[in-house]
Amino acid sequence: MDTMINMWTVVEHVRVASSAAELAIFTAILYWFFTSSRVADMLEVVGERVGGWCGGVRESSSLRQVARARRRQNTDVYAKLDNELATRASSLYRLKEGPQVPPPQPETRPPAGLACSRCAPLSRDSWKDPKTEELGSVINILNIGRQTFANGGVVSRYLCDLAQCVHLIKYDYKDILPSVMKDEHFQRAIEDTTREELKTTANGNHAGEKTYASVRKRVEARALKVLQDISSSMSNNVLRLVAWLCHKAVRRIAGGGCGTRAACVERLRRAKAAGLPLVFVPLHRSHFDYVLVTFTLYLTGLRPPLVAAGDNMRIPFFGWFLRCCGAFFIRRRVDGSEYHGDPVYKSALRAYILNSLSANNNLEFFIEGGRTRTGKPQLPKAGILSVILDAYLDGTIDDALLVPVTLNYDRLVDGNFVREQLGMPKQMETFWSAFRGIWRTLNTNHGSIRVDFNQPISLKELVTSFQKYNYLKAPIEMPLTPLNNNLAVNLDRQILYNHSHSSLFGADVSTEQKMMVEAIGRHLVYDAAQSTALMCTNVVSYVLLTEQRQGCSLAALQACVHARGRALRRAGRDLGYSGEPHLVVRRALDMLGAALVRGAAGAGGGAVRAAGAVPAALELAYYANALVAHYAASAVLVTALESLVHNKSTEEVTVRHSELMEAALQLSEILSQEFILCAPCTRIEERLLEALRELVSQDILVETQTPDVLQEQRWSQKFARTFDDDDDERPDPTRLIKYKLSKSPEAIAERRRLLQTIRPLLEAYSATCRCLRDAPQKELVSSTLDSLLESFAQNKMIYGEAVSTDAIKNCLRLLRQWGVIEMYTDNRERKVRICPPYKNKSNIDDICANIHKFNIDTPLLKWQQVK
């Protein structure tokens with residue numbers, strides 16, 4: 001009996017469970033039936049038919065409206081219609097007779113990312129749509145799926161990210177390793193390496209056929225292993241999975257979304273139709289850049305590129321994901337010392353890149369090499385670019401389209417680089433460090449993200465243009481000293497010559513070709529830097545470190561940020577934020593945090609100022625340096641001007657044009673390791689003259705002229721007698737131009753702002769010159785950092801961001817270019833040695849005085865206006 005009872009109990013539970021399951025399925029079917037767009041359309045059609053059958057209301061469009069109309073049969077329908085017609089007529093009358101108010105227009109942004117009008121006029125006009133005007137509208141790539149599947153069914157609407165990733169285009173990525181193995185240059189490198197190893201093993205004796213075959217086999221095995229370490233294994237399935245994961249991750253970490261310009265995407269689609277490979281050249285800020293560029297291109301319907309990643313990212317699990325997303329891994333150092341030379345590796349990398357382009361793959365590499373530690377654009381590392389240019393020059397490829405890419409974040413995803421700036425060694429990436437970094441990132445709000453693509457530029461057009469600039473030819477064979485009197489003539493050529501080196505250049509490459517690669521690389525970096533969207537944290541950090549370094553009220557900070565934003569927009573820069581000034585400042589302060597900005601929580605009368613600690617100043621400087629690069633040319637001019645007038649009386653101070661330009665050119669050479677002041681197709685002197693005209697137009701300087709009539713008459717009489725101007729040229733008319741300092745409070749505030757823009761760099765350079773001696777480079781950098789920290793602790797120097805390893809190393813590179821020091825490797829340790837002519841203290845003091853004279857104690861910086 002108990003058995004029967006238990007059996008019936010089980011049967012009853014099964015029946016109840018099955019009934020609940022049937023009810024759930026029936027409810028889901030009903031929900032889908034009444035929420036599906038197709039069913040809704042069907043119900044609307046049925047409603048129209050029923051409304052027509054009922055005949056009571058002509059304009060009824062659904063069953064609900066018909067039912068309501070039947071309940072209101074006794075109401076005066078015609079009176080209601082008459083009232084509606086009268087209301088409409090009166091509204092139209094008011095619209096016709098009243099003032100015409102235009103509808104609100106969407107916010108337009110200045111066109112950014114256009115190709116250079118000097119170097120690439122054809123590329124500038126080729127990829128734009130002539131029928132539509134570019135408004136600079138920004139789209140959030142996270143909303144593409146929601147917009148595409150907004151009218152779909154329940155599954156598509158509520159799982160729009162998954163639906164979009166499932167419907168992404170599948171691309172064919174064929175295996176190119178067999179074609180790389182057959183590459184002529186690669187086989188030649190294997191043969192040369194085999195013969196070199198035979199000479200080593202045979203010790204001068206004749207090597208037999210068996211020995212050659214064994215050595216050749218060993219070299220080929222090593223070459224195949226090198227290729228396998230380099231190559232990517234792009235997978236469409238992994239790409240879709242990563243795209244879905246990126247949807248979730250970016251939505252979590254970027255509260256402001258991930259934006260890109262709609263016009264940029266349209267340009268790339270038009271360029272894609274040309275059939276040429278696209279070479280994306282991003283500036284590098286974060287490890288997240290690797291995935292973010294591919295993610296943006298993939299979601300917008302463009303072919304994801306193969307990405308050159310450093311071999312430090314080849315870590316377990318994460319490295320496999322990057323490889324399946326298109327990453328191919330390259331060594332950090334390919335050549336440059338006796339421990340890294342490997343001709344097989346160089347030829348394998350070259351063959352892999354060229355065969356990838358031939359297979360219609362797009363390519364992406366970070367032209368700066370590693371991530372920027374300072375927030376400023378770094379000088380280009382032209383290794384991969386040299387391979388592409390060499391392939392074009394020898395006819396391997398017909399052309400390639402170079403696409404500068406910019407990325408910017410409200411808050412840096414990888415965290416700050418304060419440890420490395422303070423001299424601590426870089427922490428190598430491991431599985432657990434990557435896991436901890438991802439976990440920490442996913443639990444932090446990083447604000448908004450911008451990914452923008454410049455116009456594709458034809459490599460063929462760039463090469464043709466640079467061959468026409470004569471002032472870039474005739475390379476300098478000896479480094480110039482800072483005392484050169486012809487700096488305006490040689491500075492552009494000198495900068496290219498001093499930086500034109502790369503690990504992938506062959507031994508037979510001419511200096512002119514190296515300088516051309518350097519010029520193209522600098523042009524790409526400059527274009528990308530000028531088109532970078534400036535975030536609210538960039539502007540607020542710059543204002544706090546320059547205009548309001550002593551602190552100010554929250555209202556004053558809002559006014560300064562608003563004014564700085566207007567000035568940047570007038571200068572053609574794109575702002576990656578919008579809204580009321582108080583909301584913009586509040587958002588930026590929340591992103592920066594209380595550790596970087598003091599007093600931000602008090603919205604009343606409390607003063608807001610940058611935190612005084614060195615780590616906080618370094619992190620703030622990282623965000624501010626995006627604007628420092630923009631104002632570098634004007635800051636160079638104002639600093640040069642202050643070095644000329646600081647010892648003069650304040651009454652009617654004037655400076656000759658020639659003196660000001662000579663001092664500005666000298667300072668431009670000193671800071672050549674820090675900034676790219678202009679594109680290589682523009683002379684640095686031209687850029688400084690343009691900045692000078694801007695200072696005059698802003699009434700910071702007042703231009704005066706004192707014409708020497710007698711001298712002009714003498715020249716005219718002499719010219720009339722000889723009619724020959726070959727021997728005696730007309731005097732330079734700018735010799736008569738002088739500039740007088742404006743005494744208005746606005747002009748003084750602008751000069752102070754521009755002075756403080758590059759003052760931390762000059763403090764670091766001066767400290768490096770004071771600590772210069774024969775020593776290992778690490779020891780020299782460490783002692784200079786200690787000197788700067790001591791000066792900061794004793795209030796002798798107020799710029800905490802001057803305590804920077806990057807600035808110290810850049811100063812050492814400058815001194816090496818001047819021939820003051822030489823760097824060599826001893827027992828795998830980098831060392832610095834002062835060259836013999838400068839062993840004498842007076843000689844080296846004379847050289848370092850060219851840096852010290854711009855780092856003067858000017859009264860302009862001591863007088864601070866506190867608001």
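Among contacts (heavy atoms within 4.5 Å) in the protein chain between residues at least 6 apart in sequence, 77% join residues at least 24 apart. The structure is a predicted model, in which local features need pLDDT of at least 70 and side-chain atom pairs count only at pLDDT 80 or more, whereas totals for chains, interfaces and linings use all residues. Residues are numbered from 1 along each chain as its sequence is written, and side-chain values use heavy atoms, with hydrogens and water left out.

The protein chain contains 35 helices and 18 strands, taken as DSSP runs (H or I of at least four residues for helices, E of at least two for strands) and numbered from the N terminus. Of its 867 residues, 50% are buried, that is, under 20% relative accessible area with a 1.4 Å probe and protein chains only, while exposed means over 50% and partly exposed lies in between.

A nonpolar surface patch of about 650 Å² is formed by Tyr-158, Leu-159, Leu-162, Val-166, Leu-241, Trp-244 and Leu-245; patches comprise residues with over 30% relative accessible area and no salt bridge, with nonpolar side chains (Val, Leu, Ile, Met, Phe, Trp, Tyr) joined within 5 Å and like charges within 9 Å, a salt bridge being a side-chain nitrogen of Lys or Arg within 4 Å of a carboxyl oxygen of Asp or Glu. Helix H12 (236–253) gives the most to this nonpolar patch, with three residues. Leu-162, found in helix H8, counts as partly exposed because its relative accessibility is 39%.

A patch of positive charge on the surface gathers Lys-381, Lys-778, Lys-809, Arg-813, Arg-816 and Arg-830, and helix H33 (residues 805–817) gives the most to it, with three residues.

Notes: Accessible areas come from the Shrake-Rupley method with a 1.4 Å probe; for residues, only the protein chains shown count as cover. Lys and Arg count as positive and Asp and Glu as negative; His and the chain ends are not counted. The place of a charge is taken as NZ of Lys, CZ of Arg, CG of Asp or CD of Glu.
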